[in-house]
Amino acid sequence: MNLILIAPPAAGKGTQSELICNSYNINHISTGDLLREITKKNDEFSLSVKEKMEKGLLISDDIILKLIKDEIINSNNNIFDGFPRNLEQAKAFDLMLKEINQKIDYVIYMDIDKEILEKRISSRYVCPNCNSVYSFNEPDHECSKCSVKLIKRKDDTLEVYENRYKVYEESTKPIINYYKNQGVLYCVDADGSKEEVFANIKKVIGEI
Ligand code: AP5
């Protein structure tokens with residue numbers, strides 16, 4: 001199964017990906033996580049990626065498509081979190097899948113209001129080691145898996161969030177209609193608890 005999650009920034013794509021992976025034994029491909037791994041290095045390329053991410057701008061399509069190609073070559077059972085991000089990526093992805101006799105089974109659009117997301121951004125903390133995501137109203141917590149101190153993402157300020165949301169509206173939202181026209185789009189209500197949203201997704205992809 002190939003499943004794409006489309007949603008505004010901080011809508012819960014990573015959170016739902018983890019729940020889906022645990023239940024459905026599916027490979028999680030997050031372009032955000034792959035890029036954050038790149039930014040841990042100190043060369044010129046990594047620094048240019050880091051600079052763009054910290055401003056909430058999209059990384060160029062050729063870099064993203066190369067990352068995706070490397071990931072899907074050995075797996076036809078994937079959840080794509082944060083990819084595709086624009087029409088160019090969506091069209092190139094269709095061609096890439098066709099070449100290896102794969103297809104997209106479900107595109108889930110997680111529908112949620114921006115006001116809720118601004119609150120989630122303020123309370124999000126992440127593990128710098130394993131990328132696990134948490135919500136806390138105050139700092140100084142540790143990752144329950146790695147016992148490492150949780151940090152704030154550099155792009156999780158309200159100022160950068162505005163930019164990320166604008167990029168989402170301008171570049172990512174058009175892919176919703178693209179997939180609707182292909183007959184693979186499903187809309188789920190993402191304004192609920194993590195478990196409620198997961199239940200909405202399970203209604204689409206079926207219980208295991
Ligand atoms: P990326 O990492 O993909 O960021 P994003 O799309 O902005 O999404 P987030 O990771 O912010 O949020 P999420 O939807 O996963 O929510 P989460 O589960 O964490 O991309 C970062 C950057 O990389 C981009 O800006 C761009 O520069 C670059 N990039 C990535 N992909 C690219 C691509 N394809 N092309 C070009 N550039 C690319 O949840 C958020 C918070 O809410 C957490 O605290 C969580 O605990 C909480 N939460 C989740 N669900 C619920 C719930 N139901 N109720 C209450 N709280 C909840």
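Guide: Along strand E1, Asn2, Ile4 and Ile6 point one way while Leu3 and Leu5 point the other way, and all of these residues are buried. In a regular strand the side chains alternate between the two faces of the sheet. Please keep in mind that what you see is a predicted model. Strand E1 covers residues 2-6, and since five of its five residues are buried, it counts as mostly covered.

From E1 we can go to its partners on either hand. With strand E3, which covers residues 78-81, E1 pairs in the parallel sense over four bridges, and in this pairing Ile4 stands opposite Phe80 of E3. With strand E4, residues 106-111, E1 also runs parallel, and four bridges join the two. Here Leu5 stands opposite Ile108 in E4, while the bridge partner of Leu3 in E4 is Tyr106.

Strand E4 is itself mostly covered, with five of its six residues buried. E4 is joined to strand E7 by five bridges, and these two strands run parallel; at one place in the pairing Asp111 stands opposite Asp189 in E7. Turning back to E3, we find that four bridges join this strand to E2, again with the two running parallel, and that His28 stands opposite Ile79 in E3.

Put together, these pairings give an open sheet of five strands in the order E2-E3-E1-E4-E7, with parallel pairing. Strand E2 (27-30) and strand E7 (185-189) stand at the edges, where each has a single partner strand, so one side of each is left without a neighbour in the sheet. From one strand to the next, the twist averages 25°. Helix H1, which covers residues 13-24, packs on this sheet and touches E1, E2, E3 and E4, and the direction of H1 makes about 170° with that of E3.

Leaving aside neighbours within four places in sequence, Ile20 is in contact with Leu3, Asn25, Ile26, Ile79, Phe198, Ile201 and Ile205. The largest nonpolar core has 53 residues, and the members that touch the most others are Ile20, Ile68, Phe93, Ile108, Tyr179 and Ile205.

Val133 has its place in strand E6, residues 133-135, and because its relative accessibility is 38%, Val133 counts as partly exposed. The C-alpha atoms of Val133 and Leu150, two residues that are 17 apart along the chain, are separated by 9.0 Å.

To finish, we can look at charged side chains, for a search of the whole structure finds 14 salt bridges. In one of them the side chains of Lys66 and Asp70 meet, at 3.0 Å from N to O. Both of these residues lie in helix H4, residues 61-72, where they are four residues apart, about one turn of the helix. Lys66 counts as exposed because its relative accessibility is 53%, whereas Asp70, at 47%, counts as partly exposed.

Another salt bridge links Glu118 with Lys114, the closest N and O atoms being 3.7 Å apart. Because Glu118 and Lys114 are four residues apart in helix H6 (residues 114-123), about one helical turn separates them, and Glu118, with a relative accessible area of 25%, is partly exposed. Lys149 forms a salt bridge with Asp140, and there the closest N and O atoms are 3.2 Å apart; Lys149 and Asp140 are both exposed.

Notes:
Residues numbered from 1 in each chain as written. Predicted model: local features only at pLDDT ≥ 70, side-chain atom pairs only at ≥ 80, totals over all residues. Heavy atoms only, no water. Buried < 20%, exposed > 50% of the residue type's maximum accessible area, 1.4 Å probe, protein only. Pairing = 2+ DSSP bridges. Core = buried A, V, L, I, M, F, W, Y, C linked by side-chain atoms within 4.5 Å. Contact = heavy atoms within 4.5 Å. Axes fitted to C-alpha atoms, helices over the stretch in contact; angles between N-to-C directions. Salt bridge = Lys/Arg side-chain N within 4 Å of Asp/Glu carboxyl O.
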